[in-house]
Amino acid sequence: MDTRKTTDPSPSAGGAAGAGAARVRKWAGGLGAVLLLALVPPLCDALFGASAGFQLHRLSLIGIYILAALAQNLLTGYAAQPSLGNAAFFGVGAYLLAWLTNDLGQPYLVGILVAMAVCAALGALVGGPALRISGAYLAIATLGLVFITGALLDLWDTSAGRQSYDLTSLPALLSEDHALYFTILAVCALVLFAARNLLRSRVGRAWVAIRDNEAAAEAFGVNLTRYKVLAFVVSATLTGLAGALYATWATTASASMSSADQTIAFLAMIVVGGLGSLLGSALGAIFVGFLPLLLGQLPSPLAIGPFQLQVTTLTTGIYGILLLLALIFFPRGLSSLGTGVRRLIERRAVHSAEEGTV
Amino acid sequence: MLAVLQVTLAGLVTGSLYGLLALGIVLIYRTTGVLNFAYGAMAAVSACFMYILLTGPQLNFWLALGLTLAFSIALGVVLERAFARPVLEAPVFTKAIATLALALVLQTVAQALWPQLAETQHFPTPFEGHALRLGGLYISLISGIVLGVTAVLMLGLTLFLTRTRLGIAMRATADNQSAARLMGMPVGRIFMLVWALSAAVAALAGVLLASQQGLIDVQFMDPVLILAFVGAVLGGLDSLPGALLGGVLVGLADNLLALFLAGHHLGALNVSDPGVRETLIFGGFVLVLLFRPQGLLGQAVLRRV
């Protein structure tokens with residue numbers, strides 16, 4: 001947009017119109033995406049017939065992962081805090097929802113809101129001390145928090161004498177696959193919209209300033225402590241929401257939600273998708289959260305030459321190779337693919353325009 | 001008292017294994033900036049290779065060990081060229097996540113080549129059933145070997161890094177890559193050597209752990225790796241003695257806590273549950289980091305504006 005402004009003969013009027021058109025286009029893009037996704041359930045019904053509900057249920061998982069990836073991206077991609085602790089809130093959110101709705105008999109919405117509030121408080125509790133630690137040290141220390149949380153949740157299960165913590169008093173509506181899909185879609189759209197606005201506010205600019213140059217941001221009067229702790233709080237709240245939704249989706253809460261694998265998966269999502277990119281969070285969630293499920297559809301057992309492979313082994317391997325290739329060819333994330341293509345098109349356009357004038 | 005000493009000794013042995021792995025992690029991290037989550041898989045693949053040599057062609061233990069070390073060095077070189085080189089300039093997160101993908105690929109390849117190792121197998125060694133007696137303390141022969149190998153390796157590595165030309169070049173590369181390059185050091189070849197060296201350390205640690213447990217499968221290093229990472233960070237990611245110290249501390253804490261917590265109850269809570277032990281270890285680790293954010297022996301980084 002900047003380049004267009006400078007080349008335009010009447011910068012003020014043309015620039016404003018250009019910006020307005022771009023805004024309309026972005027709005028249309030967002031609304032169009034939501035509408036397209038709303039068309040998925042009927043499409044699913046037409047395609048899969050009897051198993052449509054099952055397929056749709058699996059698709060819904062992507063939405064939950066998008067929320068978790070977005071939370072991690074706000075913290076790591078925007079505010080530059082390499083925390084591996086998010087899975088702790090993922091598990092806590094799920095267990096709180098289960099506890100509040102099952103054991104305390106609270107309504108579902110209260111359960112979700114309390115889970116988010118507690119996760120926000122825990123985020124502040126973690127964020128404060130985390131400011132003392134940086135880089136790889138912070139990553140491994142917060143990974144420790146995930147282990148502690150996982151062990152404590154597991155301990156809660158064993159001392160309460162239960163095999164699994166099933167959510168038995170969910171609203172009947174949410175046990176229906178279509179309704180669950182639309183609920184998750186709505187939550188995702190809302191959260192993405194809110195995140196986009198937050199990132200364009202004072203808070204988002206402060207985070208990016210801290211990420212790009214901490215010392216310069218501080219010199220310009222950005223309160224480092226406040227904004228970093230805020231990043232932890234926002235991220236923990238969103239992850240708590242994702243965890244509660246995951247428990248709703250799976251109708252059970254398990255201690256494995258707060259495990260090293262889970263938290264590293266969140267980080268992998270944003271690294272694959274693109275640090276500091278909303279689109280990247282979504283792409284990464286699809287790649288890391290959904291691709292393994294998709295690969296699980298391969299015929300079993302598969303023979304390649306002399307090797308008889310179990311499909312589970314094979315999918316892990318294929319997935320590993322795909323992940324590796326994605327990281328080698330798009331070290332800045334899959335979202336850089338979009339930027340690259342757009343830049344290429346723009347360069348073409350500028351090129352042809354120049355030829356036209358000559 | 002004797003029980004405490006006995007457990008301390010056991011803690012030193014497990015700690016040495018964590019320490020060895022932490023050493024390799026720190027070596028790679030310092031020179032190439034890769035936080036290597038595939039280190040456990042590298043150790044496991046080498047140990048599995050040795051298991052195959054021992055059970056397939058029934059090779060002599062020492063011959064198999066030699067071949068395994070050669071294999072691990074080759075593995076390190078291949079990984080550096082095929083994996084670490086393409087992602088060298090990538091951001092640090094990308095590199096860390098790429099090592100996870102690498103771990104998946106390594107495990108799949110191992111499982112495809114040696115399907116019997118998907119299940120836990122017995123790892124045969126000539127040391128089984130032998131024990132050493134030190135005063136009133138007993139220690140299995142393999143545990144004694146673990147302690148000995150760790151001490152010798154640490155000493156050897158320290159001498160290598162401080163006294164030899166190549167070792168000094170490695171440290172120079174770790175400190176300042178572009179300056180090292182300007183001084184005419186073959187930085188690329190040094191990266192390769194670092195990967196080869198730490199792959200050999202991984203192989204040794206893997207074989208020692210498999211011998212000590214007497215058991216092996218493709219994923220047997222996974223639970224150990226996280227504790228090795230904790231050890232490495234606890235000691236300070238830029239210090240080799242720190243890595244060993246951190247690993248030993250984690251091992252000691254693990255074993256001593258198991259002794260002290262055994263059989264105790266806190267209300268309805270069974271304190272001897274491994275979960276409680278893990279919680280205490282990680283809690284202590286986070287506390288130490290709060291007071292020493294760069295680890296026990298790490299150096300604080302100056303912030304330049």
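Which residues does A69(A) touch, not counting residues up to four places away in sequence? In this predicted model, where local features need pLDDT of at least 70, side-chain atom pairs count only at pLDDT 80 or more, and totals for chains, interfaces and linings use all residues, the partners of A69(A) are M269(A), I270(A), S281(A) and A285(A), a contact being defined by heavy atoms within 4.5 Å. Residues are numbered from 1 along each chain as its sequence is written, chains are lettered from A and ligands numbered from 1 in the order in which they are written, and side-chain values use heavy atoms, with hydrogens and water left out.

A69(A) belongs to helix α4 of chain A, which spans residues 52-78; helices (H or I, at least four residues) and strands (E, at least two) are DSSP runs numbered from the N terminus. The relative accessible area of A69(A) is 0%, and the residue is therefore buried. In this classification, buried means under 20% relative accessible area, exposed means over 50%, and partly exposed lies in between (1.4 Å probe, protein chains only). Between A69(A) and Q55(A), the separation is 14 residues in sequence and 22 Å in space, taken from C-alpha to C-alpha.

Chain A as a whole contains 15 helices and four strands. Of its 358 residues, 47% are buried. When contacts in chain A between residues at least 6 apart in sequence are considered, 76% of them join residues at least 24 apart.

The interface between the two chains was examined next. Chain B contributes 46 residues to the contact and chain A contributes 40 residues. About 3,800 Å² is buried between chain B and chain A, with 81% of this area on carbon and sulfur atoms; buried area is the accessible area (1.4 Å probe) that two parts lose on being put together, summed over both. On the side of chain B that touches chain A, the elements giving two or more residues are α4 (92-113), α9 (222-235) and α11 (274-291) of chain B. Of these, α4(B) gives the most, with 13 residues. By class, this side of chain B comprises 33 nonpolar, nine polar and four charged residues, where Ala, Val, Leu, Ile, Met, Phe, Trp, Tyr, Cys and Pro count as nonpolar, Asp, Glu, Lys and Arg as charged, and the others, Gly among them, as polar.

Three residue pairs are in polar contact between chain B and chain A, both residues being at pLDDT 80 or more. A polar contact is a pair of N or O atoms within 3.5 Å; within protein, one must be able to donate a hydrogen and the other to accept it, and residues adjacent in sequence count only if both atoms are side-chain atoms.

Over all chains, the count of salt bridges is six. Side chains of opposite charge can pair when their charged atoms come close. In chain A, R162(A) is bridged to D157(A), with 2.6 Å between the closest N and O atoms, and both R162(A) and D157(A) are buried. R211(A) forms a salt bridge with D212(A), for which the closest N and O atoms are 3.2 Å apart. R211(A) is partly exposed, at 33% relative accessibility, whereas D212(A) is exposed, at 54%.

In chain B, a salt bridge links E80(B) to R81(B), the closest N and O atoms lying 3.4 Å apart. E80(B) has a relative accessibility of 1% and so counts as buried, while R81(B), at 41%, is partly exposed.

Zero disulfides occur over all chains, a disulfide being a pair of cysteine sulfur atoms within 2.5 Å. Among the cysteines, C188(A) is buried at 7% relative accessible area, and C48(B) is buried at 1% relative accessibility.

Backbone geometry was also considered. T251(A), a residue other than glycine, has a positive phi near 50 degrees. T251(A) is located in the loop between α11 (224-250) and β2 (252-253) of chain A and is partly exposed, at 38% relative accessibility. In chain B, Q58(B) is not a glycine, yet its phi is positive at about 55 degrees. Q58(B) occupies the loop between α2 (39-55) and α3 (61-84) of chain B, where its relative accessibility of 62% places it in the exposed class.

Key:
Salt bridge = Lys/Arg side-chain N within 4 Å of Asp/Glu carboxyl O.
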